[in-house]
Amino acid sequence: MTDSMFHLDHCQSGRQALHTLSVTSKRKAVILNARLPDEQEVKRNEESLIGFQKDPSLSFRMTSPMIYKFLLSLFLSLVLFTSLTAQQEFTQIVRGKVIDMDSRFGLPNANIVLMKSNPQIGTSADVNGLFILKNVPVGRQNFQVSYTGYQTVVLSDLYVSTGKELVLEIELKELVETMGEVEIVADFRKDKPINPMAVVSARSFSIEETNKYAGSYGDPARMAANYAGVVSSRDNRNDIVIRGNSPIGLQYRINGVEVTNPNHFGAQGTTGGAITILNTNLLTNSDFFTGAFPAEYGNALSGVFDLNMRTGNTEVYEFWGQLGWNGLEFGLEGPFSKKSSATYLASYRYSITDILEKMGVKLNERARYQDLSFNLNFPTQKAGVFSIFGIGGTSGITKTESDKSQDDWTFATHGEDLRSKSAMGTLGLSHNYFFNASTSIQTRLSVVGSMVETRIDTFSVINQTPFTRNGERSSEVKYGVSTQLTKKFNAANVIDVGASWEMYDVDYADSIYFHHDYKHQTGIRTQFSLVQAFAQWQYQISNSFSSYLGLHYQYFTLNDSQLLEPRAGLKWQVNPRNTLSFGVGLHSQTQARVMYFVQTPLTDDDYALTNEQMGFSKSLQFVLGYDHLFAEVFRIKAETYYQYLYDIPVKESIPQYSILNEGTEFFLDRMDSLVNLGSGLNYGIELTLEKFMSRNYFFLVTASLFESKYKGYDGIDRNTSFNSNYIINAVGGYELPFGKKKNRALILGLRVSWAGGRPYLPFDQQATVDAGNVIFDWENAYVPRHDDYFRTSFRVGLRRNERKFNVAFLFDIQYRANYTYIYMYRIDVTNGEIVKDFRMGWFPNSTVRFQF
C-alpha cells in the first residue's frame, strides 16, 4: 500500500470523458446501464454537477489501532522466533557466470576468489564461464574476479544468506592496452550501468538496492526518486518527474521489450499508478537512464527503465513467501529436472486489502489487485538460449457514497459512486544465439496489452438516484518483433545494430454527460504501427578514453511521421579518481496514443479527428558530467544538462495549454485540435554524494537545482507543472550484526525528501459558478504554487539466518509534515468553494519475508 491511503483520482472537466462503453459506428455510441434522462432529470443533475480539476479521490485506510495491533503482532512474533534457535555458523553456495562486458560471451577459466578467507576459498569458471563457490560464510563478503587481458574487479559487501543461493553475473572489461605483469584492479562500481554504450546520465541498481531504501516499498520507480534530478509527482502514485519532464516521457522495458504502464490502477497514456506490478524478487541488476541515452532506446523523452529478469536457480529448488501492505506473495524457482539446465522462476501476489476484507475488516473502499510474473529459461547445446517471460496484473476499486449518509459525501450537497478496473499483461519470447565468441544475435517476439474501464455516477440532495455522468472503456494490444546484432571486432571496437516493428490494435471509447447530452470524446477501433531501427558504435581509444556514436530512426504509420536521431558521447578517465563525460542526442516520442483519436464535434452529429496528424515531440539534450572517487566506495558526482523541447502539441483556442503538463493523474485530459507548435526548456545541475555499502552502512545524498519552462500557442514563457526548482534527497541505512555467529542483524534506515512547491492551474471561481461547470483561470496558468514538499521515512527491521531458511521483518514509518504533495484539489461548481486535502500524518508499513 502506498502512503497513508490507497486511492484513485479520476478527472473530469468539460473536455474529459471517463467512461464509454461501446462504439457501434462512427457516429453512435451506446452507454451501458445508462439512459438519457428526461428534462426534469436533466435539470436535477445540472443542479448537482460536481467540479473537478483532477477529480474525485478514492482512499483506503484502516483505523490506527487496527494498524498498530497488526504490526505489533508481526514484530513480537519475529522477536520471539529469533530467540528460540541456537547460534550456529552457516555457509552458502555462491554461483554465477563471468562474461565479457561487450560481447556477453562467457569467459572460461576466469578466477573467482573469496577475499580474506583462510584457508582461501576460490574456483575457476568452466568452459562456459560458469562457476560455483562452496562454503561461503553467511554475511557481507568481498570477491575478486580476474581473467587474463581483462581488468580485475572486486565485488564488495555482497550479502550472502541462508535459504537462497547468491547468483552473480560478473562482467569484465577487456583492456585495450596491456601493461605486462601489471594487474589493473578496480572495485566493481555498483552504480556503473550494465549497458557499455551508456556514458552519461545512467546508473545500474540491484534488487537489494530497491529493497533497502526506506520508503521505496520494493518499487523501482519509488527507489529511483532518490536519484539526482528525479522526484515523485505525488504521494499516492509512483509517476516520476525526471529533470522537469512529464512522466509520460518515461519508458519501461523488460528483457528488451517495451511494456505499457506496469502498474496497478494505471490509465491510458500514463506511466504510473498506485502499486507497481513489477516484482523485484524476479529482477536482476538493471539500468536507469535520465537523459542522452544510447541509440537503442527510442520513443522516449525523459528516461528509460531497462529492467532485466533473472533466471531461476539451475541446481536447487528455492521458495519464498512475503506478507506486507503490498500484498501476500509466494514465489518459487529451480530446474525443470536434474538432467536439464532449463529453469523456471515465478511469483504470484494478492492484494492485502482484499485479504483483510475477506477477514471481516471493514474498509472505506473495496480495492483489489493481483499479479503474476515468470521467466522460463531453456538453454540448448547448439541452438542458443530460449526464454519465455511475462508479467501481468488486474486491479479494481469501488467507492460508493450513495449508500452513505450525507455527512460522508464528497461535498455537503453532492456525492458520487465510482467503479474502476484496469489490467495489463506482457508475454515475450526471446532467443539469444552466439555465432562465435564475438558475434551474437538476440530476437524477441512479444504481445503487450492493457485495459481500463471506469464509470462515475453522480447524485445530489435533490435527486439521490445515481445518474451515469461519464465513463470509459479503452484497450490497447501491441504485437512486436525486434532483433539486435552485436559484433565485437576487438577490445577497442564494438557495434550494435537492430530493428523493431510494433503493431497496435486499439479500441478507445469514452464519453461525458454535458449540456443535456452525452459527448463522445473518443470512439474508434483501428490499427497502426511504429517501426524503429538503430546503429551504434563504441570506440575505446585507450583504457581511459572511450567514444560513442549512434543513430536512431523511427517511422509512425498513422500519419507518416519519421525522424533520424543522432547520438554521441565521450568518456575520459583522467586518472583512477577522476572521470569526465559528455553526451548529446536528439530524442523523439509519439504522443499518448489515445490522444490521436480525440473527437472534435461538427454539425449533424459528425466529428473530426483533429489530433490525428500530430507529429513526434522532440528533445535535443546535452549533458556534461564529472565523477570523483574519494575512495573505492565513496564518490561525488556532478552533472549539468540542457534540454530544448520542440514540436510540442499545443492548442490555439487555449494558447496557454501544452501537453508537457500532462501525465500525473489517473487520466489524460482529452484536448482536441492540437498542433505541434509549442516548445519547452529544461536545464539544471545535479549533485550526488554516495557511499556504497561497506562497514555495515551506506548513504546517498542528492541535490538538484533546475528550471522547467514551456511555451504554448501564444509563445509566452511559463512554468511547467513540474518546475519545483529544487529537490534534495537523503537516504541511508545501517546494519548491526549480532549474535554469537553474527547470523542476525538489526536494520535501520532513514530517508528525507524536500522539494519546491509545484505550480498548478487554478480555477476561475466566479466563471465556474456562472457556467455551472469547471472553468480554469488560464490567464494565471501555473503561476501559483503549492507549498514545498517535505517527507521522512524511517525503517527498523530484523534479519535472521537459519540453516535452511532466512527470515526478515521490516517496519517502515512514513511522516509527511505540513508540507506535502496535494492529495485533492477540487471545486464545487454550485458555490465556487475550493477544497484542498493534503492527507498529512503518520503511515506505517511492514513486511515479513521468508526464503527457503
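Predicted model: local features only at pLDDT ≥ 70, side-chain atom pairs only at ≥ 80, totals over all residues.

Biologist: How many salt bridges does the structure hold?

Modeller: The count is 36.

Biologist: Start with Arg 104. Which residue does Arg 104 form a salt bridge with?

Modeller: Glu 171. The closest N and O atoms are 2.4 Å apart. Arg 104 sits in the loop between strand S4 (91-100) and strand S5 (111-114), while Glu 171 is in strand S10 (residues 166-172), so the bridge ties together parts that are 67 residues apart in sequence.

Biologist: And Glu 171, buried or exposed?

Modeller: Glu 171 counts as buried, at 9% relative accessibility. Arg 104 counts as partly exposed, at 30%.

Biologist: What about Arg 140? Which residue pairs with Arg 140 in a salt bridge?

Modeller: Glu 208, with 2.4 Å between the closest N and O atoms. That pair also links distant parts of the chain. Glu 208 is in helix H3 (residues 207-212) and Arg 140 is in strand S8 (residues 139-146), 68 residues apart.

Biologist: How accessible is Glu 208?

Modeller: Glu 208 has a relative accessible area of 29%, so it is partly exposed. Arg 140 is at 17% and counts as buried.

Biologist: Which residues are linked with Arg 140 in a network of salt bridges?

Modeller: Glu 208, Glu 735 and Arg 799 are linked with Arg 140 in that network.

Biologist: Now Asp 457. What does its side chain meet in a salt bridge?

Modeller: The side chain of Arg 455, at 3.0 Å from N to O. Both Asp 457 and Arg 455 are buried.

Biologist: Where does Arg 455 stand in the strand pairing?

Modeller: Arg 455 is in S27, and its bridge partner is Arg 419. S26 and S27 run antiparallel and are joined by 22 bridges. A hairpin of two residues connects them.

Biologist: How does S25 pair with S26?

Modeller: In the antiparallel sense, over 16 bridges.

Biologist: Let's go to the surface. Which residues form the nonpolar patch that includes Ile 388?

Modeller: Phe 386, Ile 388, Leu 427, Leu 429, Leu 445, Val 447, Tyr 479, Val 481 and Trp 501. Together they have about 700 Å² of accessible area.

Biologist: Which elements give two or more residues to the nonpolar patch?

Modeller: Strand S25 (385-400), strand S26 (414-436), strand S27 (439-460) and strand S28 (467-490). Take Leu 445 as a case. Leu 445 lies in S27, and with a relative accessible area of 44% it is partly exposed.

Biologist: Switching topic. What is the strand order in the open sheet of five strands?

Modeller: S12-S19-S20-S15-S16, with mixed pairing. Strand S12 (202-205) and strand S16 (257-259) are the edge strands, each pairing on one side only. Neighbouring strands of this sheet are turned by 25° against each other on average, direction ignored.

Biologist: How do S12 and S19 pair?

Modeller: Antiparallel, over four bridges, with strand S19 covering residues 286-289. Phe 288 in S19 is the bridge partner of Arg 203.

Biologist: And Ala 755, where is it found?

Modeller: In strand S42 (residues 744-755). Ala 755 counts as buried, at 1% relative accessibility. Its C-alpha atom is separated by 5.9 Å from that of Asp 788, 33 residues apart along the chain.

Biologist: Last topic, rings. How many aromatic pairs does the structure hold?

Modeller: 28. In one of them, the rings of Phe 630 and Phe 634 have centres 5.0 Å apart and planes at 35°, so the pair is tilted. Phe 630 is partly exposed at 45% relative accessible area. Phe 634 also counts as partly exposed, at 27%.

Biologist: Why is the pair of Tyr 657 and Trp 778 edge-to-face?

Modeller: Because their planes are at 70°, and over 60 degrees counts as edge-to-face. The ring centres are 6.4 Å apart. Tyr 657 is in the loop between strand S37 (634-651) and strand S38 (674-694). Trp 778 is in the loop between helix H6 (765-771) and strand S43 (789-801), 121 residues apart from Tyr 657.

Biologist: Is Tyr 657 buried or exposed?

Modeller: Buried, with a relative accessible area of 4%. Trp 778 counts as buried as well, at 16%.

Biologist: Which residues do ring pairs link into a cluster?

Modeller: Tyr 504, Tyr 508, Phe 528, Phe 556, Tyr 596 and Phe 597.

Note on methods: Residues numbered from 1 in each chain as written. Heavy atoms only, no water. Salt bridge = Lys/Arg side-chain N within 4 Å of Asp/Glu carboxyl O. Buried < 20%, exposed > 50% of the residue type's maximum accessible area, 1.4 Å probe, protein only. Patch = residues over 30% accessible without salt bridge, like charges linked within 9 Å, V, L, I, M, F, W, Y side chains within 5 Å. Areas by Shrake-Rupley, 256 points an atom, 1.4 Å probe, with all protein chains shown as cover. Pairing = 2+ DSSP bridges. Axes fitted to C-alpha atoms, helices over the stretch in contact; angles between N-to-C directions. Phe/Tyr/Trp six-rings, centres within 6.5 Å; stacked < 30°, edge-to-face > 60°.
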